[in-house]
Amino acid sequence: MLTRKSGWLTATAVAGVAVLTLSGCTTSSGGGGDSGGGGGALTVGTTDKVTSLDPAGSYDNGSFVVMNQIYPFLMNSTPGSAEPKPDIAESADFTEPTKYEVKLKSGLKWSNGNELTSSDVKFTFDRQLKIADENGPSSLLGSIDNIETPDDTTVVFNLKQANDQTFPQVLTSPAGPIVDEDVFSPDAVTPDQEIIDGKAFAGPYDITSYKANDLVGYKANPNYKGLLGAPKTDTVNMKYYTDSNNMKLDIEKSNIDVAYRSLSPTDVEDLGKNDAVSVKKGPGGESRYMVFNFDTQPFGAKSEDPDEKKAQAVRQAVADSIDRDAIAKQVYKGTYTPLYSFVPEGLPGATTPLKEKYGDGNGKADADRAKKRLEDAGINEPVELKLQYSPDHYGPSSGDEYALIKDQLEKTGMFKVDLQSTEWVQYSEDRTADAYPAYQLGWFPDYSDADNYLTPFFTKENFLANHYDNKEVQDLIAKQVGITDKAERQKMLGEIQDKVADDLSTIPYLQGAQVAVASKDVKGVEDTLDASFKLRLGVIAK
């Protein structure tokens, strides 16, 4: 099994394994190369931070937003989709069980005039693995054994695991931006200014001005030949805010055209009443869920009264009792939506087993069902449940979120909840040391594939370290990664979700919607708010 650090905004995980058959050839259908499309200059605001422009030295959303504009990828996705397709590649295909061959388009160039060849691609991934910066995403590349470049436009990835169907997604991830070997250091993270001075750009945009976490100026790159095509707007400025209240004021006063990540739920609700702007929402890859420790939860394996059947009934009764819609509306003002699955809506293979199996069967809570489930398991007294959350890692609304969950559980008359909070640094240590019987976590994917929501959570050595161990589920997870037939793989993904919905080692309950607020004359924002979690400035225009 490969081990990949994961959860690029949250935690550490174990990911994808594979067993291979040959896949069908994937051929690029996009292709730009035309000059920028014009349109008035745009200004986009954000509170995200950029930690480094070097893909080897950052693993956060703020840095990745910049990288998606200025660097080329071998694989990418078109707006509205999270499916990987060739970007600056002509084709990408498994030619043997452990060989993934990529053919580059001809005539690719960096903005500094350097030719972009297979040598740059090999350099990119070799340096990522060599540098292995603790703040970088190199662990996502654990499946690479070595890379061959038989000619200037051919790259052959020799993989450690056969038939790794997640590898094309990894090439779209924060580990995937291709860099110029004549500008970037082979063995150290390259400073931002050296990248800018070296004009090491070959994505849809070049950077024309840069002041870290203050302002980034972009200009459409006429040499970009990738999947996303020519940007619809020639000039885009990204303005960085330290206070979301100031960003809200600027979008209200039309000082900026788009406010992207992150306005508070209250601000989004307020702006929704403003006729001068539009609130745009799209499916987000973020999920919120409750984790159960199988050793220390009520009736857990190492509790005073261990009983596997009763422990499962407790988890299932909690699932019966949670009113997701109330949490989404009352606490998050619609910036989160109810989640009834382990794989978020919008990703291939997502199903909603929790909707049918728990509560009233239509997504609402059902206290009577929770009570009957516990009584059928021989539990006739209210269950004392210790529940933990972090007040500083998932936003200031976590306190309201878990106060409401406590209220929902206790209103059934079947739970007595001891709700506690702990600051994130200590929380991270405690939760894997069996300190919390049940607790809050959130998840942002490394790449947009259902596997990234299953392998990290439900394998035996999962990153939750919650002692969940179901060999049938583990075997199915290992098998689905190697299935090349999409329909067959999605069927198995549904089977896995159905089984883990019965076990309930976690209870997903919210999916974070991607939210941006735009002036009424701005178009295209909604096109890029998709399950890929990528902001593509080139599709926005006014």
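Predicted model: local features only at pLDDT ≥ 70, side-chain atom pairs only at ≥ 80, totals over all residues.

Student: How do the residues of the lining of the second largest pocket divide?

Tutor: That lining has 12 nonpolar, 11 polar and 7 charged residues. The space in the second largest pocket is about 660 Å³. Of its 30 lining residues, Glu-83, Pro-84, Asp-449, Lys-486 and Arg-489 are the closest to the centre.

Student: Which helix gives the largest share of that lining?

Tutor: Helix H15 does, with 4 residues.

Student: And how much space lies in the largest pocket?

Tutor: About 1,000 Å³. It is lined by 36 residues, and the closest to its centre are Arg-261, Ser-262, Tyr-336, Tyr-394 and Gly-395. Helix H1, helix H6 and strand E20 each supply at least two residues of this lining.

Student: Let us change topic. Which residues of helix H5 are buried?

Tutor: In H5, residues 244-252, the buried ones are Ser-244, Met-247, Lys-248, Asp-250 and Ile-251. They lie on the same side of H5 because they cover an arc of only 165 degrees around the axis.

Student: What do they pack against?

Tutor: Their partners include H6 and E20, which also supply residues to the lining of the largest pocket.

Student: What is found at the start of H5?

Tutor: A side-chain oxygen of Asp-243 comes to within 2.8 Å of the backbone nitrogen of Asn-245. After H5 comes Ser-254, with a positive phi near 60 degrees.

Terms used. Residues numbered from 1 in each chain as written. Heavy atoms only, no water. 1 Å grid on protein atoms, 1.4 Å probe; cavity = no way out; pocket = protein on both sides within 12 Å on 5 of 7 lines; lining within 4 Å. Points joined across faces, edges and corners; volume = space filled by probe spheres on them. Nonpolar A, V, L, I, M, F, W, Y, C, P; charged D, E, K, R; others polar. Buried < 20%, exposed > 50% of the residue type's maximum accessible area, 1.4 Å probe, protein only. Arc of directions from axis to C-beta. Contact = heavy atoms within 4.5 Å. Polar contact = N/O pair within 3.5 Å; in protein donor to acceptor, adjacent residues only side chain to side chain.
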